[in-house]
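The sequence and structure come first, and the description follows.

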Amino acid sequence: MQATPQDLTWQRRYASEDDLVSELRDHADRLQRGDATRLPDLRHLLLPTAPLCEIATSSGWTDTYLALATRLDTATP
């Protein structure tokens, strides 16, 4: 979702798009290495009305957000 500007208005976790992208890349890198230490934090970010939900909704990628959240829910206990 980095291709288009992200609306960060409705959340307080990220001060900039760079902060958002950096954290998401960190989560992805860790998961690719098999490191699940930050998985609880990622689950929190994907909850309804949590930061990623708010960003996705206001930035026009709700369907992608829902697919990611569903994928995480079904992939982890």
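## Helices, core and cavity

Directly after helix H1, Gly 34 has a positive phi of about 85 degrees. The model is predicted, and local features need pLDDT of at least 70, side-chain atom pairs count only at pLDDT 80 or more, and totals for chains, interfaces and linings use all residues. Residues are numbered from 1 along each chain as its sequence is written, and side-chain values use heavy atoms, with hydrogens and water left out. Helices are DSSP runs (H or I, at least four residues), numbered from the N terminus.

**Helix H1.** H1 covers residues 17-32. Its 16 residues reach 22 Å from the first C-alpha to the last, close to the 22 Å expected at 1.5 Å a residue. The expected span is 1.5 Å times one less than the number of residues. Leu 20, Val 21, Glu 23 and His 27 are the buried residues of H1. They sit on the same side of H1, because they cover an arc of only 165 degrees around the axis. The arc is that of the directions from the helix axis to the C-beta atoms. Buried means under 20% relative accessible area, exposed over 50%, and partly exposed in between (1.4 Å probe, protein chains only). On the face of H1 turned away from the buried side, Asp 18 and Gln 32 are exposed. The cover over the buried residues of H1 includes helix H2 (39-45) and helix H3 (51-59).

**Helices H3 and H4.** In H3, the buried residues are Pro 51, Leu 52, Cys 53, Ile 55, Ala 56 and Ser 59. Their cover includes H1, H2 and H4. Just after H3, Gly 60 takes a positive phi of about 90 degrees. The 14 residues of H4 should span 20 Å at 1.5 Å a residue, and its end C-alpha atoms are 20 Å apart, which agrees. Tyr 65, Ala 69 and Leu 72 are the buried residues of H4. Seen down the axis of H4, these residues fall within an arc of 65 degrees, so they line one face of the helix. The other side of H4 carries the exposed residues Asp 63, Arg 71, Thr 74 and Ala 75. H2 and H3 are what the buried residues of H4 pack against.

**The nonpolar core.** A nonpolar core is a set of buried Ala, Val, Leu, Ile, Met, Phe, Trp, Tyr and Cys residues joined through side-chain atoms within 4.5 Å. The largest one has 15 residues, and those with the most contacts inside it are Leu 20, Leu 46, Leu 52, Ile 55 and Tyr 65. H2, H3 and helix H4 (62-75) each supply at least two residues of this core. H3 gives the most, with 4 residues.

Contact means heavy atoms within 4.5 Å. The table leaves out neighbours within four places in sequence.

| Residue | Residues in contact |
|---|---|
| Leu 46 | Leu 52, Tyr 65, Ala 69, Leu 72 |
| Leu 42 | His 27, Leu 31, Leu 72 |
| Glu 54 | Trp 10, Gln 11, Thr 49 |

Leu 42 is in helix H2 and is buried, with a relative accessible area of 10%. Glu 54 is in helix H3 and counts as partly exposed at 23% relative accessibility. The C-alpha atoms of Glu 54 and Gln 11 are separated by 6.4 Å, although the two residues are 43 residues apart along the chain. Thr 49, one of the residues that Glu 54 touches, lies in the loop between H2 and H3. Thr 49 is exposed, with a relative accessible area of 62%. Its phi is near 70 degrees, a positive value in a residue other than glycine.

**The cavity.** A search of the whole structure finds 1 cavity of 30 Å³ or more. On a 1 Å grid over the protein atoms alone, a cavity is a set of points where a 1.4 Å probe fits but cannot get out, and lining residues have an atom within 4 Å of a point. Grid points are joined across faces, edges and corners, and a volume is the space filled by probe spheres set on the points. The largest cavity holds about 40 Å³ of space. Its lining is made up of His 27, Arg 30, Leu 31, Asp 35, Arg 38, Leu 39 and Leu 42. H1 and H2 each supply at least two residues of this lining, and the largest share, 3 residues, comes from H1.

Key:
1 Å grid on protein atoms, 1.4 Å probe; cavity = no way out; pocket = protein on both sides within 12 Å on 5 of 7 lines; lining within 4 Å.
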